[in-house]
Amino acid sequence: MHKAVKWVLVIAGSFVLLMVIAVIVLPMVVDVEKYKPQIEAQVAKATGRTFKLGGELKASVFPWIGVRLSDLHLGNPSGFQEADFVAVESFEVRVKLIPLLSRNIEVKRFVMNRPKIVLEKRKDGKGSWEGLGQPAQKPPAQVKEAPAQASTGELPIKGLRVDEFAITNGLIVWLDQASGARKEVKDIDLVLTDLSLDKPIGIAFSALADQKPVNLDGTIGPLGAQPGKSPLPLELALRLLGELDVQLTGRIDPSKAPAEIDLAVNVAQFSPRKIMAQLGQELPIAPADTRVLDAVAVSLRLKGTPQNLVVSDGKLKLDDSQATFSAQASEFDKPNLKLDLNLDAIDLDRYLPPPSKAEAKADTPTQSPADPAAKKTDYSQLRRLVLDARVKAGELKVKKARMQNIEVRVSARNGVIQMDPLKLDLYQGAIAGKAAVNVQKDQPATSVQMTLNGVQAGQLIKDLMAKELIEGALAADIDLNFSGDAPDLIRRTLGGSGDLRFNDGAIVGIDLASMVRNVQTAFGLGQHPSEKPRTDFAELRLPFTITSGLFKTDASKLNSPLMRVLASGSADLAKETLDFRVEPKFVATIKGQGDTAQQRSGIVVPVLVSGSFASPKFKPDLQAMLQQQLDQPLPDKETLKKMVPSSKEITPEKLQEGVKGLLKGFGSQ
């Protein structure tokens, strides 16, 4: 028995010794080069592409199973400019032999040098990457399938360790035959450290994308004993163009279906201007202030799945402005969006394009007929949009108008976009209102309801229009609606009603009281006074209706001490024509605002307003003045001469010139 055991041990030892000698000596005596044609044929069969090993093939077995290849080429199908889809200058991998017996993989070296991948798109739209790994095969013979065995979901290995993993001097090329575009990402270097299942994997990536640097550093993992079955922590730092730094910290959970993410995203302050300059591109907008878009920073937390993302704890810095925000996005084919934004202050005039020379010189709108051939706006995306956005801002400046405490909610569903409520404070007053745009049809339908209270109209108009037209505290109720998105169509379809009420103010640019004394002075045609002509009032009320672009008022009135003014008429907003009658009357009372006596005795000098917005015409209605009721005291001859000058002293041209700027100011806005 003892001898038998001895001989068994001797035989076993001899066998192991022979195996060791074989794995050491075999690579030295066996010519592996003769297997290159077989390797090339098998790879070509698996990929459906030509494959060539141009360099020397070397192999080792002990103590590392290793292979070194060089000059690898995986070809493109016919019809592409580039012969190779993938080319590799050299590739080497070494795996330790003994640990494989216990399902542990220990990789000594995995190095790929100068890999080149060419992504080419033909003029017919077919890409060089399409069809890879799908070789033409004959229909398989009908065989009886074996019963499928349940997968355990476990890796066929127990452990993994890679001492050296590197891809160096890589190159990715994009070619588009249709446009002739060529883009390159070169000098690609990727180094992985601590590549294993139980430790975080270090990542160091760098490249030049169109000569612009891209760097990614950080860690991912550990992968765990069953990769894909547990959350994957990550901590990455991305640096682009030497200007943009993005930090990503959190985890991805691929074990969920769909995969879930929970990331903290921090974008350090950067300059969009500098980034666009490095890319050789212009900013999407040309802001009036060349100093804006120079300091932007963002931080947020991103959670959810690729189908439903939630943004929380958002912070935004935009130059001098600060904002907090949260958002949610889902159903991206619509999409379905939610937004909550709180902004401290912003001057939008700095970001809007400056007015063009043509706009700066234009005093009146140009009337352009509707062009039937004009391309219609496609509202299909808005019809699908689902939106619920709430925006608050402490201060806002736009078109030189200043607003405070802005609060607005915008919602969209089934092609109806609503703005309700809309609240803001401006010029010592407040505005509240709502609006809706219906894009269910080709032409949008818009409605606006608005209430103003206590707004100082003079400063608002001066800031917004750079004109002095009217002063006073404005209260108003406005209800408007229109169709279309072209200015001409909007003017032709505009309808609604409103009531404007001004208290303790003045009409600037015209002195209605002087109409009784001297028509020249009334319109600034006589000796120029040191101040602009103005008509002070205690109360001015302008009720109106608009039907199909025709503005009408029947009971506009102005009350001031010693004077009353009544006005009625119409203005065609589409044709831009005027037809008004203004009746200023001196009365024997100093009551203005709140005077309830409608029939005050006095002298009436009616004024007829006609012409267009661009060229208004004014003339006193002398016949109506002389036909006043006999019980009204008439002025004597000398007073009448002073009140109504002769036709030689005042001509229609002088009257038009004196007040043309006033109505042009209204018409140009």
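**Contacts, cores and salt bridges in the predicted model**

Among contacts in the protein chain between residues at least 6 apart in sequence, 51% join residues at least 24 apart. The structure is a predicted model, and its chain contains 12 helices and 32 strands. Of the 669 residues in the chain, 33% are buried. The chain exposes about 39,800 Å², of which carbon and sulfur atoms supply 57%.

The mean pLDDT is 80, and 75% of the residues reach 70 or more. Over residues 1-26 the pLDDT is below 50, and this stretch has 5 contacts in the model beyond near neighbours in sequence. Residues 658-669 also have pLDDT under 50; for these the model has 33 contacts beyond four places in sequence. Where pLDDT is low, the predicted coordinates should not be read in detail.

In soluble globular proteins, nonpolar side chains tend to be buried together. The largest nonpolar core in the model has 50 residues, of which Leu 426, Ile 470, Leu 474 and Phe 502 touch the most other members. Neighbours within four places in sequence aside, Phe 502 is in contact with Ala 457, Ile 470, Glu 471, Ala 473 and Leu 474, and also with Phe 537, Ala 538, Glu 539, Leu 540 and Leu 542. A second, separate core consists of 35 residues, including Phe 85, Val 88, Val 93 and Leu 244.

Strands E27 (residues 550-560) and E28 pair in the antiparallel sense over 9 bridges. Ser 556 stands opposite Ala 567 in E28. The two strands E27 and E28 form a hairpin with 2 residues between them, and Leu 562 in the turn has a positive phi of about 70°. Strand E28 (residues 563-572) is mostly covered, as 8 of its 10 residues are buried.

Side chains of opposite charge can pair when their charged atoms come close. With a cut-off of 4 Å between a side-chain nitrogen of Lys or Arg and a carboxyl oxygen of Asp or Glu, the count comes to 30 salt bridges. One of them joins Arg 94 to Glu 92, with the closest N and O atoms 3.0 Å apart. Arg 94 is partly exposed, at a relative accessible area of 33%, whereas Glu 92 is buried, at 9%. Both residues belong to a network of salt bridges that also links Arg 68, Arg 109 and Glu 164.

In another salt bridge, Glu 184 is paired with Arg 182, and the closest N and O atoms are 2.9 Å apart. Glu 184 counts as partly exposed, with 25% relative accessibility. Arg 182 is likewise partly exposed, with a relative accessible area of 45%.

A further salt bridge is formed by Arg 350 and Asp 320, whose closest N and O atoms lie 3.3 Å apart. Arg 350 is located in the loop between strand E18 (336-347) and helix H4 (357-361), and Asp 320 in the loop between strand E16 (308-318) and strand E17 (321-330), so the pair ties together parts that are 30 residues apart in sequence. Asp 320 is exposed, with a relative accessible area of 64%.

Technical notes
Residues numbered from 1 in each chain as written. Heavy atoms only, no water. Buried < 20%, exposed > 50% of the residue type's maximum accessible area, 1.4 Å probe, protein only. Helix = DSSP H or I, 4+ residues; strand = E, 2+ residues; numbered from the N terminus. Contact = heavy atoms within 4.5 Å. Areas by Shrake-Rupley, 256 points an atom, 1.4 Å probe, with all protein chains shown as cover. Pairing = 2+ DSSP bridges. pLDDT = per-residue confidence, 0-100. Core = buried A, V, L, I, M, F, W, Y, C linked by side-chain atoms within 4.5 Å.
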